[in-house]
Amino acid sequence: MDLRFTPEELAFRDEVRGFIRANLPEGTRNKLVEGRPLDKDDTVFWQRTLNKEGWAVYNWPVEWGGTGWSPVKQYLFQDELQQAPAPLPLGFGVTMVGPVLIAFGSEEQKRRYLPPIANLDEWWCQGFSEPGAGSDLASLRTSARRERDRYIVNGQKIWTSLAQYADWMFCLVRTDPQAKKQEGISFLLIDMKSPGITRRPIVTIDGGRDVNEVFFDDVEVPAENLVGEENKGWDYAKFLLGNERTGIARVGTSKERLRRIRELASLTSANGRPFIEDERFREKLAALEVELKALEMTQLRVVAAERSRRDNKPDPASSILKIKGSEIQQATSELLLEVVGPYAMPFEPEGWNEPPVGPEWAATIAPAYFNWRKISIYGGTNEIQKNIIAKAILGL
Amino acid sequence: MDFDLDEEQRLLKESLDRLLSERYAFENRKAYQQSPEGWSREMWAHYAELGLLGLSFAERFGGSEKGAVETMIVMEGFGRALALEPYFATVILGAGFLRYGGSEEQCAALLPQIAAGKLTLAFAHTERDSRYDLAHISTRAVREGEGWVIDGEKGVVLHGDSADRFVVTARTGGGERDREGIGVFLVGAESPGVGRRGYPTQDGLKAAEVTFNRVRVGPEAVLGEPGEALSLVERVVDEAIAALAAEAVGAMAAMHELTLDYLKTRRQFGREIGSFQVLQHRAVDMLMALEQARSMAMYATMMAGEEDGAARSAAVSQAKVQIGRSGRFIAHQAIQLHGGIGMTMEYRVGHYFKRVTMIDSAFGDADHHLKRLARENATRAAA
């Protein structure tokens, strides 16, 4: 047992840190620090920068442009990006559909889709949730009816993040309505320019427009866009959801948020003293730092265990990463709300062109707090996660 | 970065686990507890044989020169077994003062005896009003000729009832709570002027109130620098907290396992109670608390040897907060999920509950360490 990073790992971390410092546009970094939305171009530019370095699809096999990094290095890479803060390579392509295609796609699909994912020439979105299929995802009803060399898709997806930018959607559709619900689902790749697709933004409580409804009205999808076998889509979806073991806790993001909290709490005064000296507040901050340190160590245990993993069963420690990670991220947003105090109040809606009201950093804080409630909902609610742990790990 | 045990560490763990599963069943423990000393001399001899009593000592002092990870393995095993022996008092605390503050002669005289199981120690430090402040000491050590005369009263001295010698903190100068003016002395338990009143503790161990009435010691009794010894105390206590964290993890893991077994066997309403979602989620919450505590016990282990005192103390405080919170949560849930049987003296789970509760109040509870971290946070931000 040696709980320290090796000199090689430390050198690697410095290399990544140096690269980010030299190449990340200041504007992108500032937006992330200040909690303002990125433009599509910010994300695309940065991913292409990483791709030029050979780092965009760091988690893929080398033959498809991956890095061959150890799990520890992959973790350090993500951690450095999150702490910088810099955008991570777009997850829908790089950590979701990409690995599914590599594992289950045809050679043609891999050659056609993987390079544009790496360079973010094509933006992907995820078509899983439906109005009637949230936590009970397998009850989804969007149908794909086979007609000779194509599928005809009808139905509706919801909560589709960043669908407004998307060129493609990987989509779960029902291909066999008679089968048991998990066994009639297929995994389709759908061109978002296809006739019959309508996207409609959903305005979330923070005023944001990042999630969408997507409607399918007799949309024709070539049969060659089926991934793997028909009616095996549920297996691929489970693979996709269980695939990411590192980075899911977003420890680096929470570290960066805690730095921000300390910075702003030192600038803000309360009762004539810096707010950071407020006894109640600083104890809450210290308690959160303990939780985060524990999560970081738990994350490292999971990462280090990857090397000796033989089966595909989740590490007991990995199961807590998503739940704890989401709770901690949400707690950072609560502490920031506390720091800003009364100037949490002014609402500057989209398109606000006037000078900021109050401290220039204040306006985004309450919206981020509201928005981050989503973290314990998306990707399987924390309650669903607990059901999974109870069954898969505790054997209850 | 590697969290796996190496071959030797695995062997250590296996042989300890074997020893404890053969000779430390819950019924054995009850018998040991009822012996006059409240623990087993026979087990103590087995620990010596396994090399546990000199685990971290230099080879020339009869030790095996192991590190903090090995101590973690041993303490976690003792936590699972609810071991009663004065390992923590003697090997972690007492010998810790010798390793970090003892001269070559002192170490050569005492460490081999400890490693061989022939000498036990106890740390006589806490006083009635000192609570968790390590510098709050009113016991006095006054110079007299070559040696010192010690006067004062020490409380809840763990295993002080049976220890052969005490490691005593005393004030050589300064005011009651000053960081300066603290000395550490070795005092034989049978020395003239030493009085002790032994008693059982809530968690089934033993402790004593110890009085020092004009107790004379020679220059060979001094550990570290008289008047400058607080940093020695802090260093040993930091290591001790890391060890306690590992012991607590052992107890927490055992409580979680007992509870899971119970959820899978106890039937009510015509089915296993573990099929109820509200109890399943509680068991998951316990798992999360356990894994977070385990992570922090590892972190404290990694940092226990850190030379930078501020970084070491901060890490240890963080671990103590997590251990205290996780321990209380897991224990409460373990009792609740067991229902009535969890409340009984004859069932194991309540004894783990009592041990983790006492661990929380040893060397600062969760809130004490949280406040300390919070203060340092504010100082760091202001700097």
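Biologist: How do you know how far apart the centres of domain 2 and domain 3 of chain A are?

Modeller: In this predicted model, the two centres, taken over C-alpha atoms, are separated by 31 Å. The domains themselves are residues 124-240 for domain 2 and 245-392 for domain 3, with domain 1 covering 7-89.

Biologist: What makes domain 2 and domain 3 of chain A count as being in contact?

Modeller: Two residues are in contact if their C-beta atoms lie within 7 Å. Six residues of domain 2 of chain A meet seven residues of domain 3 of chain A in this way. On the domain 2 side, one residue is nonpolar, four are polar and one is charged.

Biologist: Over to chain B. How do you know whether its radius of gyration agrees with that of a compact globule?

Modeller: For 383 residues, the globule rule gives a radius of gyration near 21 Å; chain B has 21 Å, so the two agree. Along its principal axes, the C-alpha trace of chain B spans about 80 × 55 × 40 Å. Of its residues, 52% count as buried. Among contacts in chain B with a separation of 6 or more, 74% join residues 24 or more positions apart.

Biologist: What makes α5(B) mostly covered?

Modeller: A residue is buried once 20 or more other C-beta atoms lie within 10 Å of its own. In α5(B), 13 of the 15 residues are buried, and that is what makes the helix mostly covered. In total, chain B has 11 helices and 10 strands.

Biologist: And where the chains meet, how do you know which helix of chain B gives the most to the side that touches chain A?

Modeller: Across that interface, 35 residues of chain B are in contact with 37 residues of chain A. Helices α7, α8, α9 and α11 of chain B each supply at least two residues to the chain B side. With 13 residues, α8(B) gives the most. By class, this side has 21 nonpolar, nine polar and five charged residues.

How values were computed
Residues numbered from 1 in each chain as written. Chains lettered and ligands numbered in written order. Predicted model: local features only at pLDDT ≥ 70, side-chain atom pairs only at ≥ 80, totals over all residues. Helix = DSSP H or I, 4+ residues; strand = E, 2+ residues; numbered from the N terminus. Nonpolar A, V, L, I, M, F, W, Y, C, P; charged D, E, K, R; others polar. Buried ≥ 20, exposed ≤ 12 C-beta atoms within 10 Å, placed from the backbone. Domains from an automatic or database assignment. Rg over C-alpha atoms; globule rule 2.2 N^0.38 Å.
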